[in-house]
Amino acid sequence: MNPYIQYMYSYPHKTAYRPLAGVKLEDYLAALAGSGHGLYLHIPFCQSKCGYCNLFSVTGQDTAAMDLYLAAVERQARQYKTLLAPLGTEFSSLTIGGGTPLLLSESQLERMFAILDECFSFTSSRELVVETAPNQTTEGKLWLLKKAGATRISMGIQSFSDEELRALRRSHRAGRARQALALLKSFDFPCINVDFIYGIPGQTVQSLLNSIKEALIFDPDEIFLYPLYVKHGAKLEREPGEGMVLDPKSALEQYRTASSFLREKGFRQDSMRRFLRRKGQRAYSECGFGTSLALGCGGRSYLGRLHFCTPYAITRTDCLTRLEEYEAAQDFTKISHGLLLSDEELKRRYVIRHLLIQPGLSLGRYEAHFGSQAAADFPLLRKWQEEGYAERRIDENAGPKSDLRDCCRSGIDKRSMYSSRSTGDCGPRMQSSGSTGVSELNRQEYLALTPAGIALSDYLGPQLMSPKVRQYMEEWEAAHG
């Protein structure tokens, strides 16, 4: 059994998206009324493309090219501003990802924040999440983030071993990562998280632990552990003669040792990847119906049943083509690529988004939303209980910490809005069958992954994909092979 099949940070995956006709943004904007939504800005520029990266990013772009991109972002933002004005939309979170957002110059970063502040309204407690990389973490740029009110900075370190960094085709070295992390800590941001990769050829359990132990010296608030994937289109897959062979068995051993070590050090594990320096069980909040609007080329939006983004691209040629199309666009309200989720797909998304993060899937909330029982809709869940991968847990004192409108974009990965919570409309939901009353909701019963199940999240999660979505993804792979 290979425990590393598919990283299920969101569902459905972008490769399942298809051309859409006759879909207009304004027809779905009601989901963004009021407050409690997420805004995402994608900055697709990088100093170099990491060997494992299959995200939308381009390298070799100069200042003029980045200015051209920001001009397109501003046009898009102004069109969205006009559409959102009648709805009183307020965003509770802003995430700036990439790419490497801090590859922008200081003046470009100032322009970026000016565009966002002018075109969008934010709640007073807005969360601001920004991704960075060691080479681009400078004092001047961190001052700008501090001024903008950044609440979380996420740094991809991946390893403190230069040999492992070279294997990953990372552009920074361990010494630079140490300097950048020390500088980052000196700014006293509310939350700093660092990312590490395991399963790197040549990596050992001890070398992974060495990297994590060194990270703990800097006292990060959260640590994310990611297994190495070399997916279709990534540089390490395409380089002739590269011959990178991944060893799932070794990676799983590294994960188990590292996760156990972090728990012993007082970190709370909320998912296969996320470890927090916080005590107590994670409070339950709902995932799967959250509303998020994306700016830029490569970011995706979630508006109820409608998921949309620019067509998925990985290679430099394809990414540059999509970038040119985006920068040439005049009407950003036309939705031409995405997916309209059926009732069944909404259920699958809901289960996936909850089951892969603690405390798990609330069985009462599922029934209240969809009018059916999760185990009846997905017999696979019973099988996992029998195999020891999942179990029922009861929290007598949980109570409904939030009503059925609450959403969460937290904890599955850094492209899921991290820990922000939303009190906005969750979009479409089914009528309850009436069998689940308020008193039963006060007694939260969860279906949660066991430690064995959490370790196999990337093996279990993909089994919940629908045949249709799986077919769409396979068709994309075949077309781009």
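**Exercise 1.** Classify Tyr 350 as buried or exposed.

*Solution.* Tyr 350 has a relative accessible area of 0% and is therefore buried (buried: under 20% relative accessible area; exposed: over 50%; partly exposed: in between; 1.4 Å probe, protein chains only). The model is predicted: local features need pLDDT of at least 70, side-chain atom pairs count only at pLDDT 80 or more, and totals for chains, interfaces and linings use all residues. Residues are numbered from 1 along each chain as its sequence is written, and side-chain values use heavy atoms, with hydrogens and water left out.

**Exercise 2.** State how many aromatic pairs the model contains, and classify the pair Phe 187 and Phe 189.

*Solution.* Rings of Phe, Tyr and Trp (its six-membered ring) pair if their centres lie within 6.5 Å; planes under 30 degrees apart count as stacked, over 60 as edge-to-face and the rest as tilted. For Phe 187 and Phe 189, the centres are 6.1 Å apart and the planes lie at 15°, so the pair is stacked. Phe 187 is buried at 7% relative accessibility, and Phe 189 is buried at 4%.

**Exercise 3.** Determine the geometry of the pair Tyr 350 and Phe 370, and locate both residues.

*Solution.* The centre-to-centre value is 5.4 Å and the planes make 80°, which is edge-to-face. Tyr 350 belongs to helix 10 (residues 343–355) and Phe 370 to helix 11 (residues 363–370), so the pair ties together parts that are 20 residues apart in sequence (helices: DSSP runs of H or I, at least four residues, numbered from the N terminus). Phe 370 is buried, with a relative accessible area of 6%.

Terms used:
Helix = DSSP H or I, 4+ residues; strand = E, 2+ residues; numbered from the N terminus.
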